[in-house]
Amino acid sequence: MPLIGALPQPITSAPLVILLYVVLTLMIVSALTSVLVRDTLWAIGAFSSSMVLIAVLYLTIAPFLLFAVQLLVFTTVSAALLIGLLRRTTGLGRSTQGPLHRDWIIGAAVVAALLALLVVVLATTSWPIGLIGNAGPGVGEALGTKYVVGLAVLVVILASAALGSGLMLAAPTLPSLRGGGPIRGSGPRR
Amino acid sequence: MNVGLNQLLVASAALFAVGAFALVARRSAIVMLLGTQFMFAAGAIAFVAFGTFGLGTRTLGAGAAVALFAGATAVAELAVGLTMAALIYREHRSFAVDADRE
């Protein structure tokens with residue numbers, strides 16, 4: 001008799017497999033873009049899109065709670081923090097590219113292709129309803145019973161991070177020997 | 001053609017490599033922080049993959065719970081890191097972490 005029993009089988013449904021490959025590829029590409037691109041605003045946009053794609057991946061292979069938290073909390077808070085930093089430092093300059101620029105057209109084509117694939121997957125499979133029904137309560141129950149101490153520690157970490165970063169930003173600026181000083185909200189973005 | 005543990009682990013490793021590249025090769029504090037976020041996300045994806053297709057299926061929800069913890073820790077790290085980036089900018093008018101050497 002095997003010691004651990006049979007493991008779950010991989011996903012074999014063709015539309016879902018294609019969607020997953022596309023999501024994984026776009027996730028890596030957008031992560032690489034956010035690392036390589038020079039403009040910080042574009043880097044934040046690519047970072048946010050890769051976080052959204054990770055959320056779509058979670059919707060397929062993980063409980064629904066993880067998808068919701070990844071999309072609504074982690075992605076939104078990370079993007080808000082990054083945009084907030086830019087507003088406080090270099091400022092958010094308007095894009096110099098018009099709506100018919102090549103980058104916009106390529107981005108729109110990729111989004112349209114992904115949406116079309118999503119429509120095909122939704123029409124031909126039971127995703128995501130079947131997966132949500134199967135794996136929904138597991139993580140909530142685990143968080144409330146086995147990992148309740150970890151959850152409490154996490155709340156303390158998040159609260160102290162929020163408090164600490166707020167205090168650091170609100171602290172008065174000390175005179176600098178290098179000529180720095182309070183941020184005025186304009187300057188080159190690097 | 002299928003998607004299982006191997007494919008997800010390969011994607012996770014690739015994402016981790018992108019994050020490590022950002023951390024090692026870029027000078028901008030913001031891009032370095034984005035790199036650490038990708039490394040956290042790669043670890044979370046690996047946990048979820050093992051929790052869905054690997055031995056983690058023996059304990060229901062364990063992989064997802066660890067991924068939740070990793071994501072929240074990453075957000076806390078991002079908050080503190082961005083504050084430090086703001087302080088670097090306040091001092092040097094640049095996000096470059098080695099601006100002090102110039």
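Me: In which element is A:Ala123 placed?

Reply: This is a predicted model, in which local features need pLDDT of at least 70, side-chain atom pairs count only at pLDDT 80 or more, and totals for chains, interfaces and linings use all residues. Residues are numbered from 1 along each chain as its sequence is written, while chains are lettered from A and ligands numbered from 1 in the order in which they are written. Helices (DSSP runs of H or I, at least four residues) and strands (E, at least two) are numbered from the N terminus. A:Ala123 lies in helix 4 of chain A.

Me: Is A:Ala123 buried or exposed?

Reply: A residue is buried if 20 or more other C-beta atoms, placed from the backbone, lie within 10 Å of its own, exposed if 12 or fewer, and partly exposed in between. A:Ala123 has 8 other C-beta atoms within 10 Å, so A:Ala123 is exposed.

Me: What separates the C-alpha atoms of A:Leu24 and A:Leu57?

Reply: A:Leu24 belongs to helix 1 of chain A and has 22 C-beta neighbours inside 10 Å, so A:Leu24 counts as buried. A:Leu57 is 33 residues apart from A:Leu24 along the chain. Their C-alpha atoms are separated by 7.7 Å.

Me: How many helices are there in chain A?

Reply: Along the sequence, the pattern of chain A reads α-α-α-α-α-α. Buried residues make up 27% of its 190 residues. Chain A has zero strands, and its helices number six.

Me: Is helix 1 of chain A roughly parallel or antiparallel to helix 4 of chain A?

Reply: The axes of helix 1 (residues 14-36) and helix 4 (residues 102-124) of chain A come within 9 Å and cross at roughly 155°. Axes are lines fitted to C-alpha atoms, for helices over the stretch in contact, with angles from 0 to 180 degrees between N-to-C directions. Angles under 35 degrees count as roughly parallel, over 145 as roughly antiparallel, 65 to 115 as roughly perpendicular and the rest as oblique. Helix 1 of chain A is therefore, relative to helix 4 of chain A, roughly antiparallel.

Me: How many nonpolar residues are in the contact of helix 1 of chain A with helix 4 of chain A?

Reply: Two residues are in contact if their C-beta atoms, placed from the backbone, lie within 7 Å. Those of helix 1 of chain A include A:Leu16 and A:Leu19, and those of helix 4 of chain A include A:Leu117 and A:Val121. Ala, Val, Leu, Ile, Met, Phe, Trp, Tyr, Cys and Pro count as nonpolar, Asp, Glu, Lys and Arg as charged, and the others, Gly among them, as polar. By class, this contact has no charged residues, one polar, and a nonpolar count of ten.

Me: Which helix gives the largest share of the side of chain B that touches chain A?

Reply: The contact takes 55 residues from chain B and 58 residues from chain A. On the chain B side, two or more residues come from each of helix 1 (5-25), helix 2 (29-53) and helix 3 (62-92) of chain B. That side divides into 37 nonpolar, 14 polar and four charged residues. The largest share, 23 residues, is given by helix 3 of chain B.

Me: At what angle do helix 2 of chain A and helix 2 of chain B pack?

Reply: Residues of this contact include A:Phe47 and A:Tyr58 in helix 2 of chain A, and B:Leu34 and B:Ile45 in helix 2 of chain B. The contact has twelve nonpolar, three polar and no charged residues. The two helices are roughly parallel. Their axes are 11 Å apart, at an angle of about 5°.

Me: How many of the 25 residues of helix 2 of chain B are buried?

Reply: The expected span of a helix is 1.5 Å times one less than its number of residues. For helix 2 of chain B that gives 36 Å, and its end C-alpha atoms are 36 Å apart, which agrees. Helix 2 of chain B is largely enclosed by the rest of the structure, because its buried residues number 22.

Me: Is the crossing of helix 6 of chain A and helix 3 of chain B left-handed or right-handed?

Reply: The axes of helix 6 (residues 148-170) of chain A and helix 3 of chain B come within 9 Å and cross at roughly 15°, so the two are roughly parallel. A crossing is left-handed if the near helix is turned anticlockwise from the far one by less than a right angle, and right-handed if clockwise. This crossing is left-handed.
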